[in-house]
Amino acid sequence: MVTEPVKPLIDSVLVSAAIHVYVSQTGRGEVVIGGGADVFSSYAQRGGLPVFEANAQAAVELFPCLSRLRVMRQWAGTVDISPDTSPIMGPTPIAGLYVSAGWGTGGYKAIPAGGETMAYTLARDEPHPLIRSFGLDRFASGALVDEGAASGVAH
Amino acid sequence: MGYRLLKGGHIDRTQQVHIRWNGRKLPAFPGDTVASTLLANDVAIAGRGMKLHRPRGVFTIGPEEPNALVTLGRGSELEPSARATMIPVRDGLEVRAQNAWPSVRFDLARGLDRTAGLWHAAFYHKTFKWPSWDFWERWIRRTAGIAQPPRERDPARYDAVNAHCDLLVVGGGPAGLLAAQMASRAGLTVVLAEQDSECGGRLLATNTLINDAPVTVWFASLLGELAASRNVTLLTATTCFGLYDHGTAGLVQRLDLRSPPATVRQRYWRVHAKQTLLATGAIEQPLVFEQNDLPGILLAGAVRQYANRYGVAAGRRIVLATNNDSAYLAALDLVAADAPVKLVLDSRTEGPADLAKWLRAQGVEVRTGVRVAKAIGGRRLERVLLDTQEEIACDALGVSGGWQPAVHLWSHARAPIAYDEASRSFQPRASRPPLQAIGSLAGRTTLDASFDDAMSAVRQALAHAGKTEEALLARPAVQEAPISAETGVLPPANGNTARQWLDFLHDVTVADAEIALSEGYEHVELLKRYTTCGMAADQGKTSNLNALHILAEKNAKSPGEVGTTTFRPPYTPVTLGAIAGRQVGERYAPKRLLPAHAEHESLGAHWWEAGGWMRPACYPRKGETPAQAVQREASAVRAGVGLFDASPLGKIEVTGPDAAKFLDRFYVNNVGRLEDGRVRYGLMLNENGIIIDDGTVGRLGRQHFVVTTTSGGAGRIAAWLEEWRQCEWPDLEVFVSPVTTQWATYAIAGPRARQLLARFRTDIAFDWRSMPHMSLREGRFAGVTARLYRVSFSGELGYEINVPARYGATLWQELLKAGADFGVTPYGVETVLLLRLEKGYLHVGVDTDGTTTPSDVGWGELAARRKGEFIGKRSLARPDNQRTDRLQLVGLTDADAGVLVPGAHLRLPGTIEGSDGWVTSAAHSPALGKTIALALLRRGRKLHGERLMVHDLDRKCEATVVSPTFLDADGKRLNA
């Protein structure tokens, strides 16, 4: 969500893993606040009041002076989270079809490495050594890559 | 030259109050808003545009206001960007203009307007490239943002309320009010929300007659009835900001606008409505011509309302320019209010003949087929240039480019809208219960039609609710001039499009839209983001429709094909603090205190925060370190008896005919076949077969189970059970009730545990025969209701006594007192973790991670043998879970205490690179007199007795792999 624009107040992007929120200010002066996912699977792309409240509480907790600012837009998207919260990358059983998905909780942080290793994978038609264990087949074999503790918050 | 008319308006002319506008005292009357006060005192410039600092005056009369955004108060009470149109005055109210220095009239930055060419759409990609954008960005950022932010903690209080009703009516205009009245008479519970501080909507500003009397008479009787109805909640100054799933709506009510202000600043309402009626009205749209943003230009409907509602004339020579009938009604009302309206310009070749005739008879000139090409003036409107090249002197221009229904909430609910060619606006489609649109929102232009709408919508709502409609009252009779919604086509944008404003607040012009289109940003969502049109604080309420029409015209498409951008909540901006409510500061994550907190404190507890709870880690005595205390407490438990506060232990009641079947699906082991009074320890998995929690299941009756969870998992597991119950197995008849905090739980452990219990009066037989290990009894203990478990997390003979939380502190005292003569020892969480480590009991989340399956902790055979389905079973059959080289739980000992620490890595003989596992828990065991550890080790179960290397950073040592059960492997102590 974003607030109405105000003069510069916050000059960094702040993420708090303890209270699950990120806060930054745009060049136009809007304060951008976000974080948290619905606790159930949904494709509504709308967000509900509970997450709205949780984000507002976290933002005001982090910056008490934001309390009187008004939120002018609130939105939500679909976060693609795989069963083990790790991305799915690599070739598929269909020749020429590759997958790079499930970045829901760590895309911004990890996609530079994701892009490079996928390029390698496409060029050689074999998974880059770094992403070998991230293949789609792990859900058939059960060899999961657990990253729940590494990310899983504040996306 | 705005001024106060001699009569009229819903203001109290008998009392004068003053507001302070930039330090200057302005007189006003109770009932005025800040905007009407500014107009009445001829304050032309109410604000400055964001980019170019052009002077801007009051433009509208509602929350859609793009110009008159003002700052209220100071310091911690500062409120930025309040809409002057929505703020009722009170004496001494401090109001300041924004985005201007030294003053809004002589803003030094006004020169920026001459550099407009540098600031067009996406300027940051094109201009300010030399020497670099980074160089300029520092300066440009300082100019962004229209208001000074508050920099202090907000002292105000915000409340939250949940409300349930049969019918939520949003909008207290004529349609909404009539619908609320009828629904309430038919017995529905109604919540009515009106964003204005006064109900009535646009009708407040008309001279319409209802039942042969002025509208105010009808309003008074209707509002009186609603106020007296016990089934109606009437909320004014309350904005419904969003519609969400399942009939939930979010509302924010302003209480600080009252005089005197309430102690609560704003109240947030979560309304859960079975049905919703939207009567949110329509928003008048501006006309696009050169300099259409000059102070003195207002929406025609606003000019009309300022005269009727506040007795304020917007100018001494008022001209109205329109492409639809509504401005004729505005002119009629202005004449009636003695406001100096001189001329109506209609861009259509033909207007409503009767209205025009009547106006001409009153001395108002009406001209058709003519439109405004340009507004002329310096800091305010002086004259207008028509497309006939004729110039007309005027100091106020009311413009009307048609009315766009306020479809925002309708669209939040993902209900469909369609473009209506006749009115050139988007209108709701497929209105039917439980969500209906009525009145202007549904495109009705007359009161008659709106009343018809309200009547039929309430009939449908009653039918939907299964009620008869006999109680409906007769429909009010209306006398008003008939008008049509037909609007004329907007003039093509020609002339200097860089001076034709679409979005006033963000300074977006027609030329900006042209730039975006010429660069290929043709989609409406792209146009919006590239130009930022409609993304300002007014959310495009008076800019998006014009932008869309221009886009359609340039692309030679119909506006219906172009479509709108997505409407997102909130409908109008809402205060962050109101949504946060009181859950900030100390209440953000309240510290949870045990029922016997004070008792622990007086025993000198060394506190740990765990899962939000303040828990004693141990109770160091004088001169003792916490580590020494833990060793002492552990020894005392093994030798005598200890007392542990286990109250945070998760407790969930599962009841109902299908309770056994339900629980069986969660645990690796069968729990549904438990006998009454028996308890079983179980592992709970997720769909991947990964262990997510452990605990006990106790059976109190055929349809009554009590599940215990880890303290940290209490909330999560209750939600997990609920999700499966509600979403996957709604056919099961079962209730899930978390009761963790209802009970105080004390573990009594050690060989003398039974001796301590025997000191109390109880009807529970707890001897060895009556109550074997893993059993549960209900009864009375020390005079209160109790549940007594015989379970153990220490490996010793153990009981857990549960009493209602309010008796917890007393029972704790009594237990210590009763065992004083044989040295009952209170012990804390850290001691518990040591005791369970000695016994090899699992600590889920510490000894397991997100890949640990039952077989990894020695439950493989049991899981394989288990008949019937349970969550995660299918995953356990996957090849990776059958591997023999998985990480498995083992014990480690005979190692250097400094190296055998949690996190240390393990290497088997022959392993040179990488890791074969790691230590998960480690401690010095007083019972064994040496350091012991639990670890996850590759192929671990096959390696008991082997030696391996432990690496902690740059230190290493050898250790022996052993069974994870270090103590009492045959269970003699446990079953004593």
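Okay, housekeeping. The model is predicted, so local features need pLDDT of at least 70 and side-chain atom pairs count only at pLDDT 80 or more, while totals for chains, interfaces and linings use all residues. Residues are numbered from 1 along each chain as its sequence is written, chains are lettered from A in the order in which they are written, and side-chain values use heavy atoms, without hydrogens or water.

Let's start with chain A. It has 155 residues, and 48% of them count as buried, meaning under 20% relative accessible area with a 1.4 Å probe, protein chains only. You'll find three helices and seven strands in it; those are DSSP runs, H or I of at least four residues for helices and E of at least two for strands. From the N terminus the order is β-β-β-β-α-β-β-β-α-α. The C-alpha trace of chain A spans about 55 × 30 × 25 Å along its principal axes.

Now chain B. Here we have 976 residues, 59% of them buried, with 24 helices and 54 strands. Its C-alpha trace spans about 110 × 75 × 55 Å along the principal axes.

So how do the two chains meet? If you want names, look at Lys7(A), Arg68(A) and Arg70(A): they supply 18% of the area that chain A buries against chain B, more than any other three residues.

Last, the inside. Which residues have the most contacts inside the largest nonpolar core? They are Trp21(B), Ile297(B), Tyr306(B), Leu320(B), Leu359(B), Leu397(B) and Val399(B), in a core of 90 residues. By nonpolar core I mean buried Ala, Val, Leu, Ile, Met, Phe, Trp, Tyr and Cys residues joined through side-chain atoms within 4.5 Å. Helix α6 of chain B, residues 326-336, gives the largest share of this core, eight residues. Zoom in on Leu359(B): leaving out residues up to four places away in sequence, it touches Tyr328(B), Ala331(B), Leu332(B), Val335(B), Val344(B), Val364(B) and Val366(B). There's also a second, separate core of 34 residues, including Ala175(B), Ala183(B), Leu204(B) and Val232(B).

Conventions. Buried means under 20% relative accessible area, exposed over 50%, partly exposed in between (1.4 Å probe, protein chains only). Contact means heavy atoms within 4.5 Å. Buried area is the accessible area (1.4 Å probe) that two parts lose on being put together, summed over both.
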